[in-house]
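Okay everyone, thanks for coming. Let me put the structure up, and then I'll talk you through it.

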Amino acid sequence: MSLSLDHPIGERFFGLRLDTLIRLRWLAISGQTLAIVVVQWLFGLPLPIGACLAVVALSAWLNLALRLRNPGARRLSDAEAAWLLAYDILQLAALLFLTGGLANPFALLFLAPVLISATALSPRTTVLLGMLAAVCAALVGLWQMPLPWAADGVIGAPPELPPIYLAAIWLALAIAIAFIGVHAWRVAEETRELSEALAATELVLAREQHLSALDGLAAAAAHELGTPLATITVVAKELARSLPPDSALSDDIRLVSEQADRCRAILRTLTSLGAGDAPFDRMPISHIIEDVVAPHRNFGIAIEVTLPTRNDDEPIIARNPGLLYGLGNIVENAVDFAQERVSIVANWTELDVSITVTDDGPGFPPELVDSIGAPYVTSRGRNRWRRGVDAEGEEVEEGLGLGVFIAKTLLERSGAELAFVNRPPPAHGAMVSVRWLRRVIDISGERGVREDDSAPA
């Protein structure tokens with residue numbers, strides 16, 4: 001089964017909730033108002049109080065207008081959120097122009113809108129808002145009204161800061177906007193990727209479980225319909241015997257008998273699926289491996305399965321969709337990248353059960369071995385990191401990131417530990433080891449009875 005979640009980068013960002021921005025702006029309005037009141041009336045420093053309160057009141061008016069126009073929950077598009085955050089940057093620049101420019105310690109608040117954008121909006125929007133914040137910081141650094149100041153309790157002229165110091169403040173602010181913005185975007189992007197990959201894992205598992213449930217319903221239907229179809233067949237035969245050969249109903253009765261036999265054949269086919277039938281829900285590990293390997297045997301790659309010579313103590317494993325998908329994905333990848341042969345070795349002891357899948361392909365890129373199993377591990381774009389050889393002998397890179405993540409997640413859910421390594425020289429190829437504690441994976445009731453418990457009745 002293949003599953004692709006690749007999207008154009010912008011489609012993976014779902015914007016911000018309007019309610020979130022409104023609440024954050026109310027918090028900013030409260031802080032700005034408090035700062036103006038404390039500086040003007042508590043510290044007694046002169047401010048252009050009317051202009052400052054007018055700028056704050058404009059934000060309050062905008063918040064009220066947004067709330068009245070959008071009373072319910074609404075998620076903003078990338079462009080809508082960008083315009084609102086751009087307004088916040090411009091509003092802060094206006095307040096800083098009135099209160100000293102970059103000499104005002106609150107100039108650090110230029111970081112806030114850029115940080116919000118980095119966590120929820122597209123990289124393009126974040127870059128544009130970062131540039132706007134840097135330009136506004138430069139403008140208020142060049143042109144501003146005096147910073148309110150008092151020395152020894154006497155209100156006077158603010159200190160004269162050297163231009164190079166103001167330039168350093170602007171540079172530090174610009175670097176902080178870039179660094180913190182990139183860092184916040186990277187953390188948020190990893191969270192988005194992990195959530196997306198986990199959703200894909202749940203989708204795969206739900207689909208496999210749904211197919212298993214359908215198989216179980218088919219087996220139950222075959223069992224329940226078998227008796228009435230047998231009755232119809234018996235009655236049709238009795239009617240055929242009781243009627244003369246030249247009767248007008250002979251052809252109809254023969255047709256009924258043939259269709260009943262056809263229905264019974266269809267039900268036998270459904271019953272043979274057996275995925276939901278109890279005897280097939282628990283199988284020896286050798287049967288599980290063969291079930292996983294069978295779909296990949298006709299691709300020109302030799303698949304060699306090696307089991308212990310003594311198999312009277314063979315584990316019995318629950319045949320669940322997650323385990324089958326996880327092992328199947330590992331075998332499929334090995335076949336895809338193998339040159340001639342794939343080796344599957346199963347071992348079990350009293351303590352553990354292990355399956356090792358080895359191929360003779362190019363192996364994993366050494367720089368990415370430690371990251372295999374994480375969602376969207378890449379070297380050249382998403383899902384394109386493992387080297388292979390195409391039909392013409394050219395080296396290519398193909399995607400394994402999300403599929404391996406899903407397989408690893410499903411197998412770990414069953415209690416497995418996975419290891420991804422390259423074969424030691426002079427051999428070449430990849431080796432994937434899957435190991436379970438026997439008490440976790442072995443569901444047999446008693447060690448002495450294995451095949452008899454798992455064989456269909």
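This is a predicted model: local features need pLDDT of at least 70, side-chain atom pairs count only at pLDDT 80 or more; totals for chains, interfaces and linings use all residues.

Residues are numbered from 1 along each chain as its sequence is written, and side-chain values use heavy atoms, with hydrogens and water left out.

So, the chain has 12 helices and 11 strands; those are DSSP runs, H or I of at least four residues for helices and E of at least two for strands, numbered from the N terminus. Of its 457 residues, 41% are buried, meaning under 20% relative accessible area with a 1.4 Å probe, protein chains only.

Now the largest nonpolar core, with 37 residues. A core here is a set of buried Ala, Val, Leu, Ile, Met, Phe, Trp, Tyr and Cys residues joined through side-chain atoms within 4.5 Å. Among the members touching the most others are Leu327 and Trp436. Helix α9 (321-337) is one of the elements supplying at least two residues, and α9 gives the largest share, seven. Leu327 touches, among others, Ile288, Leu411 and Trp436, with contact meaning heavy atoms within 4.5 Å. There's also a second, separate core of 32 residues, including Ile22 and Ala107.

Last stop: Ser122, in the loop between α4 (111-120) and α5 (123-142). Is Ser122 buried or exposed? Buried, because its relative accessible area is 9%.

Technical notes:
Buried means under 20% relative accessible area, exposed over 50%, partly exposed in between (1.4 Å probe, protein chains only). Lists of a residue's contacts leave out its neighbours within four places in sequence.
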